[in-house]
Amino acid sequence: MEYQFVVDLENFLRDKFEKYPAEPALAVEACPAGMTGDFALNCFRIGRFCGNPMQAAAAVAEFLKGHPDVEGVEVVKAFVNVTVKAGALHRDSVAAVERLLEAAKLPEAQRKRILIEFSAPNTNKPQHLGHVRNNTLGMSLASLLKRVGHDVIEINLVNDRGIHICKSMIAYQRFGNGCTPESTGMKGDHLVGKFYVEYNKALSEEIKALKAARPELADKDSEELFLETELGRATQKMLQDWEAGDPAVRELWKMMNGWVFAGFAQTYERMGIHFDHTYLESETYLLGKDIVAAGLEKGVFAKREDGAVFCDLGKLGKKVVLRSDGTSVYITQDIGTTLKKFEDYHPESMVWVVGDEQNLHFQMLFEIMKRLGYPWADQLYHLSYGMVNLPTGKMKSREGTVVDADDLFDEMAKLATDACKERGGEELDPAELAERGEIIGLGALKFMLLKFNPKTTIMFDPAASLKFEGDTGPYIQYAAARINSIERKAAERGIDFSSAKVDWALLAHPAEKALAVTAGFYPAVLKLAAERRDCSGLAEYLLNLAKAFNRFYRECPVLAAETPELVAGRLAMADAVRTIIVDGLATLTIKVPQAM
C-alpha cells in the first residue's frame, strides 16, 4: 500500500532520525471503529528509531498536520489517527487498481522457487472429502505463492503399490467377472474402490468365522489375524508376486491403475488442478536405501542387534529406516524422494501438504535430512492440516461410508443450482444454469475449506456453506455479480465511468472512504498470506471487502446518485472493487459467475 502521505512521512522520519531504517517501518492499520480517522499509525514499532514511541508519535503528528493529503490528525498515546482527503485516499487506492494489483508482487530478490507436493491419493479408491481439503489447500497455496511472484512447481506422489492396492486387485479377480468402467458405466476410481470395500467385507466375514472356530483368537484384532485368513495370505502372495515382476499380476495392476488414473484426472480437472509432475510410488519405493547405507557409514544412522538400521533423533525418538530383513520403511522412501525432487527441480523450498496425523513423521524426516548434511534441509516445510468432519460423523473408506469427492461436487452443484432457481433462475438456459451451479457450488466448498486456518479441525455443512448471506464464498461471489449487474445497467444507459474521468474527491461519504481503505490493504494481505503459507487471511479479507462493498451499496446509491459525476465515481469505485474480488477469488482458485 503506497499512500503518498506514508511515503513522504517515512522520508521525513529518515531525515529527522539517524537510526530510522531505509526500508518502510511504519505499521499502517485501518482506524478502529468508534475512533476518528481513516488510518491508525502504530508508532510503537518505530519508537526505538525515534527515541521512544511517544516521541515518534509526536514527530509523525507534527509532519502530517502540514501534509496536503491529510485532513485531520489525532494522537492517542503512541498511535496517530489520520483522516485523509477523499481525493488523495482514492487516488492511491481504487483509482489506481491495476497498480494496486501489481503492488502484490514481491521484489525480484525475494522471489523463490518453491516445490509443493499435495494430493497423494492411493489407487485403491476414489478421492474423498479429506483429499478435497488437501487438494484445495495445495492448489490454493500454489496459486497464492505464484500470485506474489514465486516460481512454483506443483507435484503429486501417488501411492500406487502395496498391500492395499493388492486388496482391490484380489477382490476384482474373485468378484469382478471381467467388468470394466465401460461395461458398468462407473468412473474407474469408483469401480476399483467398490472392490476395495467388497474385499474388506469378505475379510471381515472370514475373520468373524475364524474367531468363531478358534475362541482363543477372540481378542486378536484384524491386523493380527490378517495372515491367518486365506484371503490375507492370498493378498500377501500377490504383493510378493508383484515385487517379483509376475507378468499376470503386473498386467492386472496396470489395467486397474489405469482405470483409477483416468478417474482421478476427471476429479482434478473439475477442481482445476494441474500438476507439473506426478511421481509414482511404484517407481520411487526403493529410493533412499543407498542414502541410508551412506549415512550408516558416516554415523548418521546406527544398527540394532537385530540388524535394523535406525536414527536416534533425541527428543523426537528413535526412527527405524531399514528393517532387520533389509526392507525399507515409508520414511526411507521419503528420504529418497525428497532428494530426487531436489535434484529434478532444484527448489529453494519444499512444502508437503499432509494431514496433522503425520506431524511427527515430517519432524523426523526433516531432522534426518539435516543430519545427512543437505544444505537445503532447513527449507523443508510441512503444511499440516486438521480433519474435516460432516454433521453425520467421520469418514471410513473401508466400510464404504466415505464421502466421495465426486459425489460431494455433484451435491454442491445441485444445491447451488436449486438456490439459483429460487432467486429467479428458472428461465435460464439449462446449460447456463448448470454452469452457474457448478461455479457457485465448488466455490462454496473451496471457500469453506480455506476460510479456516489449515490446522483447524472443521465441521463441513454443505447447506450452510452455500448461503448467500454470511461468511461464505457465495456471499463474496454475489458482491461481484451484483457489480456486474450494475455495470450492465450502466452500459444500457450509456454511462461512461472510466477512472480517468472521475472526480474522486466527490466520494467523501464514510462508507466510500471505508471501502477504499479496505481495498488499499489488498497487496499487504496477499504478501502476508503468502509469507504465512495460509490462505485463510486472504479469505477473511475478501469477506471484509464484500461487507464493506455491501455497506457502500446500501448507503451510497450508485445509479441513483444525485449527480452524473457522482454516478460515474461510484461506478468506478464498484468496478475497482469487483476487480479486486475477482483477483482475490482467482488466487483462491475460485471462479465468479457473471450473475447469480
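The questions and answers below treat these topics in turn.

Author: This is a predicted model, in which local features need pLDDT of at least 70, side-chain atom pairs count only at pLDDT 80 or more, and totals for chains, interfaces and linings use all residues. Residues are numbered from 1 along each chain as its sequence is written, and side-chain values use heavy atoms, with hydrogens and water left out.

Reader: How many cavities of 30 Å³ or more are there?

Author: Rolling a probe the size of a water molecule over the atoms shows where empty space is left. Here a cavity is a set of points, on a 1 Å grid over the protein atoms alone, where a 1.4 Å probe fits but cannot get out. Points are joined across faces, edges and corners, and a volume is the space filled by probe spheres set on them. With a threshold of 30 Å³ or more, the number of cavities is 2.

Reader: Which elements give two or more residues to the lining of the largest cavity?

Author: The largest cavity has a volume of about 40 Å³. Its lining residues, those with an atom within 4 Å of a point, include Ile165, Ser168, Met169, Trp253, Met256 and Asn257. Helices are DSSP runs of H or I with at least four residues, strands are runs of E with at least two, and both are numbered from the N terminus. The elements giving two or more residues are α6 (163-175) and α10 (247-271).

Reader: How many charged residues are in the lining of the second largest cavity?

Author: The second largest cavity holds about 30 Å³ of space, and Leu137, Pro454, Arg533 and Asp534 are among the residues that line it. Asp, Glu, Lys and Arg count as charged; Ala, Val, Leu, Ile, Met, Phe, Trp, Tyr, Cys and Pro as nonpolar; and the others, Gly among them, as polar. The lining divides into 6 nonpolar and no polar residues, and the number of charged ones is 2.

Reader: Which residue forms a salt bridge with Lys341, and is Lys341 buried or exposed?

Author: A salt bridge is a side-chain nitrogen of Lys or Arg within 4 Å of a carboxyl oxygen of Asp or Glu. Lys341 counts as buried, at 2% relative accessibility (buried is under 20% relative accessible area, exposed over 50%, partly exposed in between, with a 1.4 Å probe and protein chains only). The pair links helix α13 (residues 330-345) to strand β5 (residues 113-117), 224 residues apart in the chain. With its closest N and O atoms 2.6 Å apart from those of Lys341, the partner is Glu117.

Reader: What separates Glu555 and Arg551 in helix α21?

Author: Glu555 and Arg551 form a salt bridge, with the closest N and O atoms 3.3 Å apart. Glu555 is partly exposed at 37% relative accessibility, and Arg551 is partly exposed at 30%. Because they lie 4 residues apart in helix α21 (residues 536-555), the separation is about one helical turn.

How values were computed: On a 1 Å grid over the protein atoms alone, a cavity is a set of points where a 1.4 Å probe fits but cannot get out, and a pocket is an open set with protein on both sides within 12 Å along at least five of seven lines; lining residues have an atom within 4 Å of a point.
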